[in-house]
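Please go through the points below with the model open.

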Amino acid sequence: MEKHGKHRALVMPRRPRAGMRAVVRAVVRAGALALVPMLAALPGAASAQSCRQSLVLGLDVSGSVDDREYRQQLDGLAAALDSPPVRAALLQSPGVPVALAVFEWSGHAAQRLVADWALIDSAPALDQFTATLRSTARQPMPRTTALGEAMRHGAQMLARGPACVTRTIDISGDGRSNDGPRPEDVASDPLLSGVIVNALVIGAGGRESRDLEAYFRARVRHGPGAFVELADGFDDYRRAMELKLLRELQGLSLSVLRQP
């Protein structure tokens, strides 16, 4: 959990046990969701921006991802978006909704649109979006991994997307970049100015997972409050994605309310 200034009363002097951490997360989540409707009352919130967050998710479909793992990503993302906590967070304030888009990526010239920008302002809108993910079939892609180009493509999608209070790129990946520009070099691209880049690392367990997580923290994570979520393999993807989405949505509510 991010230790924002507004949350200092919840920070424990020592690392809490697992059960206590779950309680703390639940308290923060409930408080953040209760604050979301106040966004509509912010001066100019409804008129200046059509949405509170534009969130584009990039899924790794390079050669290290087999057909089963491909489905675990798309179906896992759909299931995470459809989970009761995430649905509540997305639909809490339909007047100032979240905009979603999804693309796949592998090599430096290989990105494919899966679901174009949609304002999630109602239950049917969310249902249609998740149905698109579940019905998407895999297409051949290069085996290489171009993390930097995936970040740049996400920024380009944000540039043509809805004008929102916050702009976020989510990159899911299970390996280091080996094609195209390095992710740390792309971070200085003007397109990424004011953009948050979070990551979901799909690890293989043990030291390899820790090393890959450290790589994404150092080279992919970008912007104030950006973070990295770790999945323990593709079987754990849905759980990790749900936690990541909740963290993004609740963090957005509090950070926007702190603005003048």
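1. Glu69, Tyr70, Gln72, Gln73, Leu74, Gly76, Leu77, Ala78, Ala79, Ala80 and Leu81 of helix H3 are buried. Note that this is a predicted model. The helix covers residues 67-82, 16 residues in all. From first C-alpha to last, H3 reaches 22 Å, close to the expected 22 Å. At its N-terminal end sits a cap, aspartate 66. A side-chain oxygen of aspartate 66 lies 3.1 Å from the backbone nitrogen of arginine 68.

2. Confidence next. The average pLDDT of the chain is 83, and 77% of the residues score at least 70. Over residues 1-21 the pLDDT is below 50. That stretch still has 19 contacts in the model beyond near neighbours in sequence. Residues 252-260 also stay under 50. For residues 252-260 the model has 19 contacts beyond four places in sequence.

3. Overall make-up. The chain has nine helices and six strands. Of its 260 residues, 49% count as buried. Take the contacts with a separation of 6 or more: 79% of them come from residues 24 or more positions apart.

4. Is glutamate 104 buried or exposed? Its relative accessible area is 1%, which is under the 20% cut-off, so glutamate 104 counts as buried. Its side chain makes a polar contact of 2.3 Å with the side chain of tyrosine 70. Tyrosine 70 is itself one of the buried residues of H3. Beyond four places in sequence, glutamate 104 touches Leu59, Val61, Tyr70, Leu74, Ala110, Gln111, Arg112, Val114, Thr136 and Met141. Two residues in that list, Tyr70 and Leu74, are among the buried residues of H3.

5. Histidine 108 sits in the loop between strand E2 (98-105) and strand E3 (111-120). Its relative accessibility is 44%; this falls between 20% and 50%, so histidine 108 counts as partly exposed. Which residues does histidine 108 contact, leaving aside neighbours within four places in sequence? They are Ala146, Glu149, Asp179 and Gly180. Glycine 148 is 40 residues away from histidine 108 in sequence, yet the two C-alpha atoms are 8.1 Å apart.

6. Serine 209 belongs to helix H8, residues 206-219. With a relative accessible area of 5%, under the 20% cut-off, serine 209 is buried. Its side chain reaches two backbone nitrogens. One is that of alanine 204, at 3.0 Å. The other is that of glycine 205, at 2.5 Å from a polar side-chain atom of serine 209. Leaving aside neighbours within four places in sequence, the contacts of serine 209 are Gly203, Ala204 and Leu230.

7. Rings. How many aromatic pairs does the chain have? The count is one. Tyrosine 215 and phenylalanine 216 form this pair, with ring centres 5.9 Å apart. Their planes stand at 70°, over the 60 degrees required, so the pair is edge-to-face. Both tyrosine 215 and phenylalanine 216 are buried.

8. Arginine 247 lies over the face of phenylalanine 227. The distance to the ring centre is 4.0 Å.

Technical notes. Residues numbered from 1 in each chain as written. Predicted model: local features only at pLDDT ≥ 70, side-chain atom pairs only at ≥ 80, totals over all residues. Heavy atoms only, no water. Helix = DSSP H or I, 4+ residues; strand = E, 2+ residues; numbered from the N terminus. Expected span 1.5 Å × (residues − 1). Buried < 20%, exposed > 50% of the residue type's maximum accessible area, 1.4 Å probe, protein only. Polar contact = N/O pair within 3.5 Å; in protein donor to acceptor, adjacent residues only side chain to side chain. pLDDT = per-residue confidence, 0-100. Contact = heavy atoms within 4.5 Å. Phe/Tyr/Trp six-rings, centres within 6.5 Å; stacked < 30°, edge-to-face > 60°. Lys NZ or Arg CZ within 6 Å of the ring centre and 35° of its normal.
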